[in-house]
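Hi there,

Here is the structure I promised to pass on. Have a look at it first, and then read my notes below.

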Amino acid sequence: MRDFASELTARLTTASQHIPDIPVARSYGRLVRMAGLTMEAVGCRLCTGQRCLVETDHGDLVEAEVVGFDRHATVLMPIRHTTGLRPGSRVLPLHGDSKIQVGPNMLGRVLNGLGEPLDSLGPLYCEQRVPLQGESINPLKRQPISEQLDVGVRAINSMLCVGKGQRLGLFAGSGVGKSVLLGMMTRNTTAQITVVGLIGERGREVREFIEHSLGEEGMRNAVVIASPADDSPLMRLRASVLCHRIAEYFRDQGKDVLLLMDSLTRYAQAQREIALAVGEPPATKGYPPSVFSLLPQLVERAGNGAKDSGSITAFYTVLSEGDDQQDPIADAARAILDGHIVLNRELAEQGHYPAIDIEQSISRAMPQIVSPDHLRRAQRVKQLYARYRQVQELISLGGYQPGSDRTLDLAVQAYPSICQFLQQTMSEKVTLNDSLGQIMQLPGVE
């Protein structure tokens, strides 16, 4: 009886919040053209970014968003794929900002880009509703990155330390273990809340990631936003914004949030589809200029909040097509993120997991959050590892002569221990203190 009363109260609260948004009279326009992903409407005043409903012949109402205009015609794009539209279909404007439900009831749930449940756990009822677009934080009011976050992965905790509020990119091609690494961090992190955005990936990977990578333990304090590749580009964009907005809500509650978004490249590709559909000219490798202006707008929503608030530590996966690290999206992401972790296909093929290439990876916040001794040891490990890799082929051909180069001798001696140190199984959890203690025991890094 008590659960029914609380549910009824939540429903009434949600309904009452919508009452001020109901207009006294409603005007509507008409659909005059549809080409590709876009529709054109006339007869009503619509602003860019405004939402509207388009009536189909089946009597359904399809939500769309204004993405541009051409003289007197407004260009719309539906959020969902739809059929049953025809010339003259009614277009009903929606007034007010788009709002979403937020609250502790979201934990353990899987939602789509509209905040609707995709799991079989029933409707989602949260007492609070907030605008989808959160307010930006004055950069001078953001708290600096000063404390390390434990992600439970030895190679990251010791060599690429992550600070609370830091934003890092996970750069990799397909099939080198991105999803597995994200799942490990989700299960093992000390962050209080985890928000996972699965944007533009294959539909079958959503359930696999939840059941195999996250597991029951990882889902307990996590919210998953899923928008697979067959969703409309507008839905994929909205899902990306939604996972950031949910993370912002928990950050404002004073929580430390780990945000994992897979992937930033799919977000850029969705914006490319929209921009090309409305006539924006392509620039770099087919990406219009608007893509490179939207990337920092999204990424800057993560990070530390103002005083007395929590933090959002974000990991964005970036797909490097053909393992090309000079891909335009990868290059742009490196410039706006606080570090990057590169997964190497060659290491993955050798059975080295996680396949983190510590030579190409860097954490820009590491010098501010670790002790000078820790930083010195990490740099020493990287030097020995890189020195061995430089002459690895020469050693295999028998061209190495011990005693001619002391640094190389140390590198040859320490390389097997370093490789073992950097590897970790999926089910293994290595805390921050354990990672620091193990790096101090490596040969040659005293």
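**What I found**

Let's start with a cysteine: Cys126 has a relative accessible area of 1%, so it counts as buried (buried means under 20% relative accessible area, exposed over 50%, partly exposed in between, with a 1.4 Å probe and protein chains only). Before going on, please note that this is a predicted model, where local features need pLDDT of at least 70 and side-chain atom pairs count only at pLDDT 80 or more, while totals for chains, interfaces and linings use all residues. Residues are numbered from 1 along each chain as its sequence is written, and side-chain values use heavy atoms, with hydrogens and water left out.

For Cys126, the nearest one is that of Cys243, at 16 Å. Cys52 is also buried, with 0% relative accessibility.

**The barrel**

Now to the strands. Helices (H or I, at least four residues) and strands (E, at least two) are DSSP runs, numbered from the N terminus. Two strands pair if DSSP finds at least two bridges between them.

Six strands close into a barrel with antiparallel pairing, and their order is E1-E2-E5-E4-E3-E6. On average, neighbouring strands of this sheet are turned by 45° against each other, ignoring direction. Angles here run from 0 to 180 degrees between N-to-C directions, and the axes are lines fitted to C-alpha atoms, for helices over the stretch in contact.

Here are some of the pairings to trace on your screen:

- E1 (residues 29-35) and E6 (residues 90-93) are antiparallel and share two bridges; Gly29 has Val91 as its bridge partner in E6.
- E4 (residues 61-70) and E5 (residues 73-78) run antiparallel and are joined by six bridges; Val66 has Leu76 as its bridge partner in E5.

Helix H5 (residues 233-252) lies across E3, E4 and E5, at about 95° to E4; contact means heavy atoms within 4.5 Å. In the loop between E1 and E2 (38-42) you will find Gly36, which is exposed at 70% relative accessibility. Gly36 and Met426 are 390 residues apart along the chain, and their C-alpha atoms are separated by 43 Å.

**Nonpolar cores**

A nonpolar core is a set of buried Ala, Val, Leu, Ile, Met, Phe, Trp, Tyr and Cys residues joined through side-chain atoms within 4.5 Å. The largest one has 57 residues, and Ile156, Met185, Phe315 and Ile356 have the most contacts inside it. Which helix gives the most to this core? That is H13 (residues 406-422), with eight residues. Leaving out residues up to four places away in sequence, Phe315 touches several residues, including Val151, Met185, Leu258 and Ile341. There is also a second, separate core of 51 residues, with Met106, Tyr287, Tyr316 and Ile329 among them.

**Two buried loop residues**

Thr189 sits in the loop between H3 (178-188) and E11 (193-199), and is buried at 12% relative accessibility. Its side chain reaches the backbone oxygen of Asp150 at 3.2 Å. A polar atom of the Thr189 side chain also lies 3.1 Å from the backbone nitrogen of Ala191.

Glu201 is in the loop between E11 and H4 (203-219) and is buried too, at 11% relative accessibility. Not counting residues up to four places away in sequence, Glu201 touches Ser227, Pro228, Ala229, Asp262, Ser263 and Arg266.

Most residues other than glycine have a negative phi, and most peptide bonds are trans. Here are some exceptions to look up:

- Asp262 and Ser263 are joined by a cis peptide bond, with omega about 15°; Ser263 is in the loop between E13 (256-262) and H6 (264-277).
- Tyr353 and Pro354 are joined by a cis peptide bond as well, with omega about -10°.
- Lys285 has a positive phi, near 50°, and is exposed, with a relative accessible area of 57%.
- Asp308 has a positive phi, near 70°, and is exposed, with a relative accessible area of 73%.

Enjoy exploring!

Key:
Disulfide = S-S within 2.5 Å. Polar contact = N/O pair within 3.5 Å; in protein donor to acceptor, adjacent residues only side chain to side chain.
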